[in-house]
Amino acid sequence: MAAGGGGAFPGAAEVGPWRRFAPAAVAAAPRPGRAAEPRSRSRSFSARPGECSGTVNSGIKSLYLTPSIKPRPNTCIESMPSEMLTKIFSYLDAVSLLSVGCVNKHFYHLANDNGIWLKIYSSCFQPKRTIREMKSEQTETVSLGCTVLHDRKPGASGLSWIIVLKDKNGKEHVMEKADLSFKDTSVAILWYGTNWPCLDILSTLKLFGLMPLLPDQSRAPRKNGPRRRSFIAEYHLANLTESSVAIGADKLVQLFSLNPGLLVGVWKDKNEIAFVLVSLHYHQLLERSTLGSATVQYDPPPSEPVLDDVDPEYGLHGYNMHLDIHGGSCTYLCETFRSLFCRRGDVANGYLRLTVISFKDNTKHLPLIGILGLSWETDVFKGNVKDCCVMDVTLLDEIGRPFWCFSAAVCMELSSKASSLFDYMGHIYTIDYADSEGKVCVELVWLEETKEYFIVNLVLYISTKKVNNWYGTNY
């Protein structure tokens with residue numbers, strides 16, 4: 001059979017496993033009803049050993065052995081119906097929804113669906129009715145904003161602060177990581193690290209509040225999520241060490257103070273920034289940190305004066321003051337003084353004089369707890385600058401509204417005059433602060449026997465311009 005098969009199909013042995021479909025064999029086979037043609041004519045079509053074309057073999061393989069492949073339909077998410085895409089997008093959070101809107105124009109319009117964003121806003125913000133109820137239950141302390149900050153950690157609420165350092169070439173350096181320290185009426189924000197730009201090339205420092213675009217109360221905000229800046233303050237750092245006087249120093253750093261509330265620690269040996277400390281009073285802190293824009297500060301609504309034609313000394317009495325003196329982790333004084341007043345004769349040189357503690361009344365003299373000093377710390381070093389501290393003043397008017405509030409770093413200096421008080425025989429020191437709205441003057445006596453400072457004189461000077469604008473008076 002093998003021989004007969006080979007004779008009937010010339011060239012079958014040469015093509016090997018493809019012999020059943022060899023073109024030579026097909027050409028040599030006689031057609032039905034016709035006599036076989038001479039063998040010599042078929043010789044030109046028969047394959048000799050080694051002469052089978054590779055192209056023929058590959059064509060046969062592709063024709064008979066390759067499985068049939070049906071074209072798959074183009075299933076792309078962009079080809080899905082708009083209704084289905086909108087339903088899918090409705091399960092995304094705000095960050096993912098904003099990212100999807102950047103894919104193409106079609107996704108942009110679907111991601112801006114009002115129904116989706118209404119759901120997101122409803123979950124992020126409280127109804128107005130609840131806010132009104134909360135405001136009606138607020139107390140004097142809540143009006144300063146400190147309760148909101150204490151009850152809600154910055155990481156949970158999303159509120160944080162950053163500083164942006166700008167050099168003389170216009171390049172900006174953003175410092176985000178900061179340590180927070182909450183006091184009774186202020187928060188201290190400390191930035192430190194090793195990647196500070198050179199102090200000599202810096203021109204300005206800007207302080208911003210940072211809030212997520214859509215705060216989510218149920219979870220911590222994403223670090224790389226969309227956030228908005230609220231411009232709080234700007235400070236000029238050009239020629240800082242030459243144009244400013246250091247308020248204090250220890251073995252490693254010098255401290256330079258800039259109003260409002262900025263303290264820059266500079267390494268002594270390198271003349272480079274060691275840390276930046278900002279102290280912010282709670283009064284309108286949330287508004288200043290969230291309601292400003294990236295370039296414009298929050299502008300509080302003007303205070304409408306409440307006129308009084310009956311009281312001839314309206315605006316001169318009924319003040320209450322809360323004073324905090326602290327330095328890092330130590331609190332040296334936390335005291336409230338009530339029913340402060342000013343006589344008409346004490347209005348002079350554009351200021352109202354409010355005497356809080358007097359030399360003559362030794363029953364009101366107050367001791368400081370501990371030795372005055374401002375603690376600081378970085379990744380590697382830490383220290384304490386003696387005779388420096390942070391002073392927080394909260395002055396309320398006669399109906400309890402915040403009238404003058406600040407938090408600033410101050411220093412204690414040795415006075416040239418000697419103590420004339422019989423009860424205190426020691427050196428006198430002074431602490432002074434001044435801004436556009438008023439001044440604070442403190443005198444202390446050092447008692448060597450008990451190793452403590454006593455405040456023997458404390459006077460506030462309030463600008464008559466501020467008083468007249470507040471009360472509608474004309475002092």
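This is a short tour of a predicted model, moving from a pair of rings to a helix and then to a sheet.

Before you start, note that residues are numbered from 1 along each chain as its sequence is written. In this predicted model, local features need pLDDT of at least 70 and side-chain atom pairs count only at pLDDT 80 or more, while totals for chains, interfaces and linings use all residues, and side-chain values use heavy atoms, with hydrogens and water left out.

**Stop 1: aromatic rings**

A search of the whole structure finds 15 aromatic pairs. Rings of Phe, Tyr and Trp (its six-membered ring) pair if their centres lie within 6.5 Å; planes under 30 degrees apart count as stacked, over 60 as edge-to-face and the rest as tilted.

Select Tyr314 and Tyr471. Their ring centres are 5.0 Å apart and their planes meet at 80°, so this pair is edge-to-face. The two residues are 157 residues apart in the chain: Tyr314 is in the loop between α15 (285–290) and β11 (319–327), and Tyr471 is in helix α16 (residues 464–471). Helices (H or I, at least four residues) and strands (E, at least two) are DSSP runs, numbered from the N terminus.

Are these two tyrosines buried or exposed? Tyr314 is buried, with a relative accessible area of 8%, and Tyr471 is buried too, at 2%. Here, buried means under 20% relative accessible area, exposed over 50%, and partly exposed in between (1.4 Å probe, protein chains only).

For another pair, select Trp446 and Tyr453. Their rings are tilted, 4.6 Å centre to centre with 50° between the planes. Trp446 is buried at 14% relative accessibility, and Tyr453 is buried at 6%.

**Stop 2: helix α16**

Go back to Tyr471 and show the whole of α16. Six of its eight residues are buried, including Lys466, Trp470 and Tyr471. The charged end of Lys466 sits over the ring of Phe403, 4.9 Å from its centre. A charge sits over a ring if NZ of Lys or CZ of Arg is within 6 Å of the ring centre and within 35 degrees of the ring normal. For a second example, select Lys439, which lies over the face of Tyr351 at 4.7 Å from the ring centre.

Just after α16, look for Gly472, which takes a positive phi of about 75°.

**Stop 3: an open sheet**

Next, show the six strands of an open sheet, in the order β3-β4-β10-β9-β8-β7, with antiparallel pairing. Two strands pair if DSSP finds at least two bridges between them.

Which strands stand at the edges? They are β3 (179–182) and β7 (248–249), each with a single partner strand, so one side of each is left without a neighbour in the sheet.

Select β10 (residues 273–281) next. Nine of its nine residues are buried, so β10 is largely enclosed by the rest of the structure. Seven bridges join β10 to β4 (residues 186–192), and Val187 stands opposite Leu280 in β10. Five bridges pair β10 with β9, where Leu263 has Leu277 in β10 as its bridge partner. In the hairpin of β9 and β10, with five residues between the strands, find Asn271 and its positive phi near 55°.

Finish with β8 (residues 253–258) and β9 (residues 262–267), which pair in the antiparallel sense over six bridges. Here Phe256 stands opposite Val264 in β9.
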